[in-house]
Amino acid sequence: MLVPTLASCTSPARQRAADVVAAVGDADVTVAEVKARLSVEDTGPPVVRPGVAPPDTWRDALRLAIRDELLSLEAARRDPTADWAPDPTGRAARIRAITDQVRAQSPELQGSNITDSEARSWLARNHHRFDEVHSAQVTWASFTDDDRARAMLESAADLDQAGFLTLAGTYRATTGTATLDSAGNGADALVARVAFAVRTAGSVGLTTEDDRSWVVRVDSIELESPPWDDVLASRVRTAMTWDREQANLDALAEQLKSRWPVSIDEQRFAASRP
């Protein structure tokens with residue numbers, strides 16, 4: 001399905017500022033609002049896996065910024081007499097008001113309503129979100145040429161350790177092996193970053209920072225699941241309610257698009273990528 005562009009949805013009289021990358025009805029979504037929606041949990045370089053496209057975090061940040069604007073508009077529609085503070089404080093308050101309403105109307109978003117049985121069942125399907133690395137054996141190849149590193153990555157997916165090292169030699173890489181502890185000590189921090197992201201014996205991944213690329217093979221890895229106790233139960237319930245709340249807000253935003261059509265300036269958005 002084609003995404004409407006600002007040029008096709010905006011009248012000639014409505015000139016939008018250069019930092020506007022999307023429109024929600026007559027409201028603007030700016031680069032700064034998209035940037036504010038980038039995840040702050042993980043600010044390191046991305047880990048690339050063979051045959052798997054890395055997550056498009058900039059596109060997802062745009063999705064969330066558009067959702068924010070839809071929720072802000074809906075809050076103002078529901079309570080037109082409210083004395084909202086000037087933006088951006090007022091905008092944040094409007095988004096919070098809608099979010100609070102969604103929570104109040106949805107019993108499944110109350111952690112106290114989640115039974116131990118439900119929480120344990122959810123954990124069994126999502127244990128990777130809580131498992132911790134105890135130790136790992138890795139083999140790595142280091143490059144100053146990212147193109148050669150990426151070429152090796154695509155060819156290394158099904159190789160054993162000996163094949164990995166042989167292949168790395170053909171690409172003129174510096175190689176080594178390491179034992180990592182639970183904190184990632186034992187090798188360069190980027191080697192540990194890849195190993196902890198891949199988390200599967202026999203798998204490979206790549207990351208790049210400061211003109212150096214690392215292709216890492218996880219030879220073996222030992223994961224530990226935390227014991228079920230009150231602390232873990234609370235963490236699981238928090239994660240469950242978060243996932244459900246995001247799904248509810250996404251569904252509401254989709255409904256609101258019929259009231260406030262969304263258009264994206266793909267050219268500006270592409271140019272805005274960090």
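Me: How many salt bridges does a search of the whole structure find?
Reply: This is a predicted model, in which local features need pLDDT of at least 70 and side-chain atom pairs count only at pLDDT 80 or more, while totals for chains, interfaces and linings use all residues. Residues are numbered from 1 along each chain as its sequence is written, and side-chain values use heavy atoms, with hydrogens and water left out. Taking a salt bridge as a side-chain nitrogen of Lys or Arg within 4 Å of a carboxyl oxygen of Asp or Glu, the search of the whole structure gives 21.

Me: Which helix holds the salt-bridge partner of D250?
Reply: D250 pairs with R63, their closest N and O atoms being 2.9 Å apart. D250 belongs to helix α9, so the bridge ties together parts 187 residues apart in sequence, and R63 lies in helix α3.

Me: Is E245 buried or exposed?
Reply: The side chain of E245 meets that of R103 in a salt bridge at 2.5 Å, N to O. With buried meaning under 20% relative accessible area, exposed over 50% and partly exposed in between (1.4 Å probe, protein chains only), R103 at 35% is partly exposed, whereas E245, at 7%, is buried.

Me: At roughly what angle do the axes of α5 and α9 cross?
Reply: The axes, lines fitted to C-alpha atoms over the stretch in contact, with angles running from 0 to 180 degrees between N-to-C directions, come within 10 Å for helix α5 (residues 116-126) and helix α9 (residues 230-256). Helices here are DSSP runs (H or I, at least four residues), numbered from the N terminus. The two axes cross at roughly 80°.

Terms used. Helices (H or I, at least four residues) and strands (E, at least two) are DSSP runs, numbered from the N terminus.
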